[in-house]
Amino acid sequence: MNAAFEEVIDFVEEGSHSPDNLFNKNADGMKTAGNIIRPVSIFACIFGFYLLFMPIITLLSWIPLVGSLLSYVVAFAAFLFALVVGGTVACLVLGLAWLFFRPVIGITLLVLTAGGIALIFFYPSDDSAIADI
């Protein structure tokens, strides 16, 4: 045995089943669970980064007259931030996980992550607009 651990499969079903049918049924269930959990986890990562800004958005909404406008602007900016940073973090985690099992997909996700990091840190900003103020 070349593995550092022994693989153990733990699942039980009632009735008489052939091993092939039982393993195929379990593999289909795991594939379906993976297809549901991956998008939910990406959404949860993006939503978590958005929720970091909720106290600021709520405080801004309490300002009379202009509070709702300010809170909408900050909410939109927080959504864009959460989309870029949360998507990048989610792709990083998925890319590292898939690097072992499916190297082509893992490397592709890590390249997308490198693009997201470049977008976050090296996106050219217009400093002349700040200098004019």
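At what angle do helix α3 and helix α4 pack, and how far apart are their axes? Helix α3 (residues 67-101) and helix α4 (residues 103-122) pack at about 155 degrees, with axes 7 Å apart.

This is a predicted model, in which local features need pLDDT of at least 70, side-chain atom pairs count only at pLDDT 80 or more, and totals for chains, interfaces and linings use all residues. Residues are numbered from 1 along each chain as its sequence is written, and side-chain values use heavy atoms, with hydrogens and water left out.

**The chain**

The protein chain has five helices and zero strands, in the order α-α-α-α-α along the sequence. Helices (H or I, at least four residues) and strands (E, at least two) are DSSP runs, numbered from the N terminus. Of the 133 residues, 16% are buried, where buried means under 20% relative accessible area, exposed over 50% and partly exposed in between, with a 1.4 Å probe and protein chains only. The accessible surface is about 10600 Å², and carbon and sulfur atoms hold 72% of that area; the areas come from the Shrake-Rupley method with a 1.4 Å probe.

**Two helix pairs**

Two packed helices are described by the angle between their axes and the distance between the axes. Axes are lines fitted to C-alpha atoms, for helices over the stretch in contact, and angles run from 0 to 180 degrees between N-to-C directions.

| Pair | Angle | Axis distance |
|---|---|---|
| α3 and α4 | about 155 degrees | 7 Å |
| α2 and α3 | roughly 165 degrees | within 7 Å |

Helices α3 and α4 are therefore roughly antiparallel, a term for angles over 145 degrees. The crossing of α3 with α4 is left-handed, meaning that the near helix is turned anticlockwise from the far one by less than a right angle; clockwise is right-handed. Residues of α3 in contact (heavy atoms within 4.5 Å) with α4 include Val84, Leu92, Trp98 and Phe101, and their partners in α4 include Pro103, Leu110 and Ile120. By class, this contact has 17 nonpolar, five polar and no charged residues. Ala, Val, Leu, Ile, Met, Phe, Trp, Tyr, Cys and Pro count as nonpolar, Asp, Glu, Lys and Arg as charged, and the others, Gly among them, as polar.

Helix α2 covers residues 54-61. Its angle to α3 makes α2 roughly antiparallel to α3, and the crossing is right-handed. Ile56, Ile57, Leu60 and Ser61 of α2 meet α3 residues including Ser68, Val74 and Ala78. The contact of α2 with α3 has seven nonpolar, four polar and no charged residues.

**Ser68**

Ser68 lies in α3 and counts as partly exposed because its relative accessibility is 40%. Ser68 and Ile57 are eleven residues apart in sequence, with 9.0 Å between their C-alpha atoms.

Technical notes: Angles under 35 degrees count as roughly parallel, over 145 as roughly antiparallel, 65 to 115 as roughly perpendicular and the rest as oblique.
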